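Reader: I would like to learn how to read the sheets, helices and cores of a model such as this one. Could we take the features in turn, with the general idea before each case?

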Amino acid sequence: AHRGREPGKKRRERRSVVGTADPSVPPSGVSCSGCGAELHCRDGAAPGFVPAEKYRSLSEGPAGLAGLRGAVCQRCWLLAHYGRALRLRLPPEQHREVVSAALRRPLRHGRGPLLLYLLDVLELPDPVLPQLPALLGPDVAAAGLLVVGNKVDLLPADSPGHLGRLRQRVAAACAEAGLHGAPLVDVRLVSAKTGFGMEGLVSRLQRSWKCAGDVYLLGATNSGKSTLFNALLRSDYCKSRAPDAVDRATVSPWPGTTLNLLKFPIINPTCDRIFRRQERLKEEAIKTEDELSSEEKKYLKHLKKQGYLVGEVGRTFQQLKSSSVIDFDPDMLSYSIDEDPRDSPRKHEEREEFTHNEVKDARWCFDTPGIVKENCVLNLLTEKEVKLVLPTNAIVPRTFILKPGMVLFLAALGRVDYLQGEKPAWFTVVASNLLPVHISTLSNADAFYEERAGQELLKVPMGGEERMKEFPPLVPQDITLKGIGPTEAVADIKLSSAGWVAVTAHKEEKLLLRAYTPKGTGLVLREPPLLPYISTIRGARIAGTAAYRTKKPPSQVENLKIMGRR
């Protein structure tokens with residue numbers, strides 16, 4: 001159960017949400033179309049659970065167990081419609097076992113798989129990368145490793161060439177992790193959510209890997225794996241008929257949403273297909289925003305609100321049956337789950353299926369369960385709190401100028417004290433726009449935290465005194481820095497997965513700081529900083545406060561001509 005929740009409340013929620021289990025009914029052998037777990041009604045805390053009443057209504061009709069095809073488990077349904085997550089008995093070791101066993105399957109088509117490792121650039125240095133060599137082991141015959149840095153759309157461009165710098169940081173993190181299990185093929189930057197970089201990733205996969213073998217998508221929880229899987233499924237990387245026959249993975253901010261191996265068949269990039277794809281990309285590249293349809297403009301506007309970098313993932317080989325406009329947030333909803341989880345018999349009859357010839361020699365792209373991050377603050381939070389902490393829209397940096405003796409709070413999840421220094425310094429917060437920042441003094445900071453933690457002012461955690469009794473205390477770590485100059489940050493203080501504070505100080509200015517995160521979570525000093533010029537993205541100083549007005553840079557669209565916009 002979530003920390004800080006009263007036992008009685010937990011039991012009431014479990015009864016009202018889970019429904020009735022029937023241990024006497026054997027598992028179905030049919031996979032949930034959201035997460036891939038086997039559907040059953042035996043245990044409400046196990047992956048793939050469907051309430052017994054619902055299970056019987058779907059499986060006891062004329063179609064028998066086939067009536068469950070296309071259905072989703074209760075967990076996926078709750079994630080899709082309410083953003084709620086049931087706590088499941090699935091320890092981190094089991095996640096690793098599933099992934100490790102999949103990678104050790106006998107070689108198919110005479111060669112090992114390509115590993116597509118996805119990391120969240122906000123989490124650099126990626127906490128799971130160092131675990132990857134052990135996960136692969138000496139007996140995993142991987143043919144190559146392609147590392148993809150995701151969520152670049154959330155970060156503003158602090159200077160020209162910032163994407164090249166980010167790519168170098170991802171490559172350096174791979175080198176530091178000692179990835180010897182497979183040769184590093186390439187490092188790419190994308191936003192699986194807004195489509196930025198996705199066409200380039202598909203081209204890279206088709207050019208270097210072609211259709212030589214299977215592909216396994218790996219990554220930590222919350223890195224955006226399910227979103228990337230869904231984007232690839234609707235791209236030229238997937239067989240043209242496959243999206244009608246393969247359900248897309250449930251997409252949610254809660255860790256570990258992909259509980260089993262979902263897959264789609266990879267298209268064979270023949271010379272003719274590559275030529276036709278290149279022609280489509282050329283045509284799209286000369287379009288201007290004014291030439292888009294009203295629906296496309298509406299969707300583009302929607303994406304621009306969400307990210308600084310926007311792209312489009314198109315299809316060359318098939319016209320999509322439905323509109324390309326998606327009017328919901330893919331971080332909150334599954335693409336394939338109906339409002340009513342009951343699927344009618346007519347829908348099952350219309351459901352696309354692969355023929356034996358289509359799949360007998362297919363190469364597959366597998367989505368694997370997320371690898372759980374250890375020492376992560378998200379592990380301490382409820383699903384409601386996680387939704388506030390994980391940024392889903394473009395992050396607007398917030399800069400403050402602090403004198404020695406001043407303190408910065410990021411919600412109740414992190415704290416930075418400016419203990420000693422000769423001059424004021426700039427502290428720029430890069431975190432979810434929903435997390436509040438508060439400035440205090442050293443003399444008042446402890447009392448402020450004691451009084452306000454768990455309350456609305458600091459937002460996370462929430463639940464008042466009872467919640468904070470069980471929440472770990474903040475523990476300090478002293479940090480000494482020397483300034484580079486008033487426009488370039490010297491380091492980032494990364495407060496676990498809650499965000500970070502970039503510190504900018506006058507040249508040669510020595511600072512003594514003390515940073516705090518909840519006990520058992522990681523505090524990382526990131527040198528050099530990820531966005532060294534982030535403090536320059538600000539407006540005028542707000543009179544009488546330590547804060548500057550915020551400034552949001554404009555969004556950039558990847559595959560449209562800039563000219564022609566009004």
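This is a predicted model: local features need pLDDT of at least 70, side-chain atom pairs count only at pLDDT 80 or more; totals for chains, interfaces and linings use all residues.

Reader: In what order do the six strands of the open sheet lie, and what is the pairing?

Author: Helices (H or I, at least four residues) and strands (E, at least two) are DSSP runs numbered from the N terminus, and two strands pair if DSSP finds at least two bridges between them. Here the six strands form an open sheet in the order 3-2-1-4-7-5, with mixed pairing. Strand 3 (184–189) and strand 5 (262–265) are the edge strands, each pairing on one side only. From one strand to the next the twist averages 20 degrees, where axes are lines fitted to C-alpha atoms (for helices over the stretch in contact) and angles run from 0 to 180 degrees between N-to-C directions. Within this sheet, strand 1 (residues 114–120) and strand 2 (residues 144–150) are joined by seven bridges in the parallel sense, and Asp120 stands opposite Asn150 in strand 2.

Reader: Which strands does helix 6 touch as it packs on the sheet?

Author: Contact means heavy atoms within 4.5 Å. Helix 6 (residues 162–177) touches strand 1, strand 2 and strand 3, and its direction makes about 140 degrees with that of strand 3.

Reader: Why do the buried residues of helix 2 line one face of the helix?

Author: An α-helix has 3.6 residues a turn, so residues three or four places apart point the same way. Buried means under 20% relative accessible area, exposed over 50%, and partly exposed in between (1.4 Å probe, protein chains only). In helix 2 (residues 52–59) the buried residues are Ala52, Lys54, Tyr55, Leu58 and Ser59. Seen down the axis of helix 2, these residues fall within an arc of 160 degrees, so they line one face; the arc is that of the directions from the helix axis to the C-beta atoms.

Reader: Where do the buried and the exposed residues of helix 14 lie?

Author: Helix 14 (residues 442–452) has Ala445, Phe448 and Tyr449 as its buried residues. They cover an arc of only 95 degrees around the axis, which puts them on the same side of helix 14. The face turned away from that buried side carries the exposed residues Ser443, Asp446, Glu450 and Glu451. The cover over the buried residues of helix 14 includes strand 9, strand 10 (414–420), strand 12 (437–441), helix 15 (464–470) and strand 13 (474–482). Just after helix 14, Gly454 takes a positive phi of about 90 degrees.

Reader: What is the order of the open sheet of five strands, and which strands are at its edges?

Author: This sheet has the order 8-11-15-14-17, with antiparallel pairing, and its edge strands are strand 8 (398–402) and strand 17 (523–526), each of which pairs on one side only. Five bridges join strand 8 to strand 11, with Phe400 opposite Phe427 in strand 11. Another five bridges join strand 11 to strand 15 (residues 500–504), where Val429 stands opposite Val501. Strand 14 (residues 489–495) is joined to strand 17 by four bridges, and the bridge partner of Leu495 is Leu523 in strand 17.

Reader: How many residues of strand 11 are buried, and which way do they point?

Author: Six of the six residues of strand 11 (residues 425–430) are buried. Ala425, Phe427 and Val429 point one way, whereas Trp426, Thr428 and Val430 point the other way.

Reader: Which residues of the largest nonpolar core touch the most other members?

Author: In soluble globular proteins, nonpolar side chains tend to be buried together. A nonpolar core is a set of buried Ala, Val, Leu, Ile, Met, Phe, Trp, Tyr and Cys residues joined through side-chain atoms within 4.5 Å. Of the 53 residues in the largest one, Leu413, Phe427, Ile493 and Leu513 touch the most other members. Strand 9 (residues 406–410) gives the largest share of this core, five residues. Apart from it lies another core, of 43 residues, among them Leu129, Leu155, Phe366 and Leu530.

Reader: Where does UniProt place the feature "coiled-coil region"?

Author: The unreviewed UniProt entry places this feature at residues 271–298; UniProt positions are given in the numbering used here, feature names are shortened, and annotations may be inferred rather than shown by experiment. Over residues 271–298 the chain is 71% helix and 0% strand, with the end C-alpha atoms 35 Å apart.

Notes: Residues are numbered from 1 along each chain as its sequence is written. Side-chain values use heavy atoms; hydrogens and water are left out.
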